[in-house]
Amino acid sequence: MPKEIWWKSMITVEEIGKSLGDRQILNGISLELSPDEVLALVGPSGCGKTTLLRLIAGFEKPDAGRILIDDFEASSPTHSIEPHKRKLSMIFQDLALWPHLSAMGHIEFVLGEARGKQRRSYRERRSVEATELLDRVRLKGRMHHYPHQLSGGEKQRLAIARALSSRPAYLLMDEPFSSLDTEIKQEMIELIGEIGEKRRMGILYVTHNAEELAAIADRVVVLKAGRMAESSCRDAFSRTLHVLSAPFARKRGLP
Amino acid sequence: MKLPRLLAPALFILIGLLVLSPLTAMIAGSFAARSAAGDGSTAHRGLDLDGRLFMPAQRSLAIASGTTVLSVLLGVPSAFFISRAHFSARTRKLFSILSLLPALIPPYIHAIVWTHVNRMIKPLVGLDFHNIWGVMFILSMAYYPFVALTTRSGLDSVDKNLEEASLLCCRGWRTIKGITLPLALPHLFAGAIFVFVFSLIEFAVPDIMRVHVYPVEIFIQYSAFYDERSAAVLSLPLVAVSFGLILVQKRIMKGRSFVQPFAGLGGKTAAHRGRFLSIMAASFCFFLVLLSVLIPTGVLICVAGPVSTYIQALKSSGEEIGYSLALACLGSLAALIPGFGAAYIRERSKSRGTALLFFIGLLPFAIPPVSMGIGLIGAWNHPFLDLVYGSSLVVVLGYAARFLPFSLLMGSAGVKQLNPGIEEAALLVTGRWTHILAKILLPLMRNSLAAAFFVVLILSFGELGSTLLVIPPGRETIPIKIYNLMHYGADGTVAALCLLTSGIILSFFGLFLAMERKLGKGSVV
């Protein structure tokens with residue numbers, strides 16, 4: 001019997017709560033993310049979207065509830081497994097590219113170092129793999145360039161390549177395209193969509209932008225003041241946003 | 001913003017007067033004819049120093065290198081633990097403050113403490129501090145906070161997202177090795193260079209520990225052999241090496257601020273957590289505080305003895321304490337005005353002229369205290385300048401000149417934090433530059449100004465090397481009194497005065513912390 005059937009392959013967030021000082025950032029949030037879907041998380045600034053991503057990534061511990069990754073408890077108020085053991089990757093809002101590493105260096109750092117006798121052959125394999133990945137995001141000609149030598153779109157592609165290089169099962173994206181112009185944004189959305197589909201990767205996507213929602217998401221979760229206001233499927237996008245978060249939708253120019 | 005036309009020339013004159021006049025006098029002295037005791041030969045040839053020059057130079061380099069290595073070994077883990085271990089905000093602040101204390105205590109007090117320790121433990125374990133290893137250790141105790149402070153500033157300025165991006169794929173140790181430390185490396189190097197330069201030009205500690213190093217040789221040439229020319233000639237290579245290193249340091253830092261003491265407090269980075277790390281961090285930080293603050297204080301208290309010693313010390317040295325305080329305050333103010341002025345025009349007009357002014361202002365970092373004293377004598381010891389040289393003004397000028405770089409760097413860090421748009425917005429309302437200075441710039445820079453004032457005040461209060469040469473007859477500052485009493489063997493009084501001096505310095509520091517709390521965080525040192 002194949003191993004996969006023994007556990008449910010998804011991220012499950014159960015009644016998560018988080019406060020900072022006296023302020024309740026998240027309150028009783030529950031959601032699920034399957035390996036092959038793109039879930040968009042929307043809501044006004046300060047509603048707790050980024051905090052939720054950080055909790056799922058394991059950078060912070062929840063005050064209540066728990067997070068399961070593939071049926072294993074990853075986070076709870078008393079227990080938290082390390083971020084690198086969660087089979088997920090993240091594209092940060094400011095990209096968080098390492099200024100002292102070249103494009104190639106970024107990927108090689110993620111792919112890691114082998115020990116002992118296999119070190120040399122592993123380095124060769126690692127180099128081949130990094131080159132292939134950079135080629136895929138059209139950065140092959142820029143692989144020895146540092147982040148400050150890359151254009152906005154190239155930096156974005158490098159951030160995507162880095163996130164994918166660890167072969168994550170889930171990808172968290174925190175408004176990654178907010179500072180891009182329409183053309184590059186479109187290109188990135190297509191790239192993410194293509195890679196997500198090919199790899200059967202679950203994507204949790206935080207955004208403010210209605211166009212991005214329509215282009216990427218299979219499902220939408222609306223957060224409001226740390227609570228889940230609504231969750232709906234792709235077809236119910238417009239209605240959900242219009243009815244349940246009308247002020248937010250109007251602000252963003254949605255129908 | 002358009003600056004007043006006379007500001008740059010006025011600053012050139014002021015900084016030239018403070019820094020270039022003693023330096024020029026020192027260089028001119030090295031070319032001058034020998035004094036009556038000499039043979040009348042000119043220029044640098046025929047310096048009668050035979051083999052005695054080589055060993056002190058070698059020792060100075062060895063001490064500077066060893067002190068730097070030891071300071072890095074102590075300072076970097078301390079910085080990492082304070083910045084990254086999972087401490088509560090209060091514990092982190094406590095360790096931050098405690099880790100600064102050894103740097104506030106003048107190095108000669110550290111030396112006095114360890115001579116007493118040496119006396120106590122030598123018969124028991126045979127360990128002797130009166131050698132270059134002892135000097136290295138003592139200087140490391142005094143200077144490791146410089147490495148810790150700059151490294152912590154580097155660590156605190158690392159964007160937490162950069163570390164978290166790595167933690168998603170790697171273990172904590174790989175993140176530290178591959179991301180955190182390389183990003184903080186420029187700050188670490190900057191701190192290490194500070195320590196190397198300070199140890200290279202240090203006079204008091206090797207002198208107290210009876211280790212014959214290069215700056216001691218300069219002092220001997222001047223005060224024992226009355227050979228001003230040899231002393232000046234000997235100073236030049238030290239100035240050149242030190243200034244070369246300061247330039248390297250500026251290049252490494254690429255305009256970053258050296259230190260932001262309380263930035264990032266309150267658990268900004270949630271990266272490297274774990275109970276084991278926290279326990280290890282707390283133990284290491286406590287061990288350092290024990291070695292560099294608690295043991296020295298305990299030793300001084302034991303040596304000083306009963307309360308009557310303190311009362312006696314206060315009675316006999318009250319005048320010197322007051323005199324030192326007055327001079328240090330004046331010196332601090334005298335360093336603040338040109339330092340902040342030059343920093344401001346450097347940051348706002350990136351011309352070659354302002355860059356030159358900035359570099360001139362940094363020069364005193366590289367001038368050994370003894371050489372600064374010799375330069376001050378050469379510059380101001382003229383019959384028509386008796387008003388300066390014959391009074392305490394020369395000491396104030398010495399303080400201002402020696403510690404001008406601190407004021408300059410803090411001013412530069414303060415101005416960097418100011419958005420130029422703030423001044424431009426004010427310019428739309430008023431064209432009066434003084435008005436903008438008084439109502440906009442100074443209030444916004446008050447934290448940096450306060451920090452610079454207190455740092456220069458503390459350093460001036462403990463200054464010994466140059467004051468020893470230029471103090472007017474019949475006057476004594478408290479470091480000179482301690483230095484003289486130490487040679488008469490008055491251990492109890494010396495220990496009491498060391499404690500009183502340290503207490504006064506710590507109260508300055510406390511006052512600064514209280515002011516900072518009142519003014520709001522975010523000052524840049």
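Let's start with Asp156(B), which is buried with a relative accessible area of 10%. This comes from a predicted model, as does everything below. Its salt-bridge partner is Arg152(B), and the closest N and O atoms of the two are 3.9 Å apart. Arg152(B) counts as buried too, at 3% relative accessibility.

Where do Asp156(B) and Arg152(B) lie? Both belong to helix H5 of chain B, residues 132-157, and they sit four residues apart, about one turn of the helix.

Arg119(B) and Asp491(B) meet through their side chains in a salt bridge, with an N to O distance of 2.7 Å. Arg119(B) is part of helix H4 (residues 107-125) and Asp491(B) is part of helix H22 (residues 491-519), both in chain B, so this pair ties together parts that are 372 residues apart in sequence.

Are these two residues buried or exposed? Arg119(B) counts as exposed, at 52% relative accessibility, while Asp491(B) is partly exposed, with a relative accessible area of 26%.

## A loop-to-helix link in chain A

Back in chain A, Arg142(A) pairs with Glu154(A) in a salt bridge whose closest N and O atoms are 3.1 Å apart. Arg142(A) sits in the loop between helix H3 (119-136) and helix H4 (152-165), whereas Glu154(A) is in helix H4 itself, and the two are twelve residues apart.

Their surroundings can be described as well. Arg142(A) is partly exposed, its relative accessible area being 26%, and Glu154(A) counts as buried at 13%.

## The overall count

How many salt bridges are there over all chains? The count comes to 18.

## A nonpolar patch on the surface

To finish, here is a surface feature of chain B. Which residues form the nonpolar patch? They are Phe286(B), Phe287(B), Leu290(B) and Leu294(B), which together have about 360 Å² of accessible area.

Leu294(B) counts as partly exposed, at 41% relative accessibility.

Note on methods
Residues are numbered from 1 along each chain as its sequence is written. Chains are lettered from A and ligands numbered from 1 in the order in which they are written. This is a predicted model: local features need pLDDT of at least 70, side-chain atom pairs count only at pLDDT 80 or more; totals for chains, interfaces and linings use all residues. Side-chain values use heavy atoms; hydrogens and water are left out. A salt bridge is a side-chain nitrogen of Lys or Arg within 4 Å of a carboxyl oxygen of Asp or Glu. Buried means under 20% relative accessible area, exposed over 50%, partly exposed in between (1.4 Å probe, protein chains only). Patches are made of residues with over 30% relative accessible area and no salt bridge: like charges are joined within 9 Å, nonpolar side chains (Val, Leu, Ile, Met, Phe, Trp, Tyr) within 5 Å. Accessible areas come from the Shrake-Rupley method with a 1.4 Å probe; for residues, only the protein chains shown count as cover.
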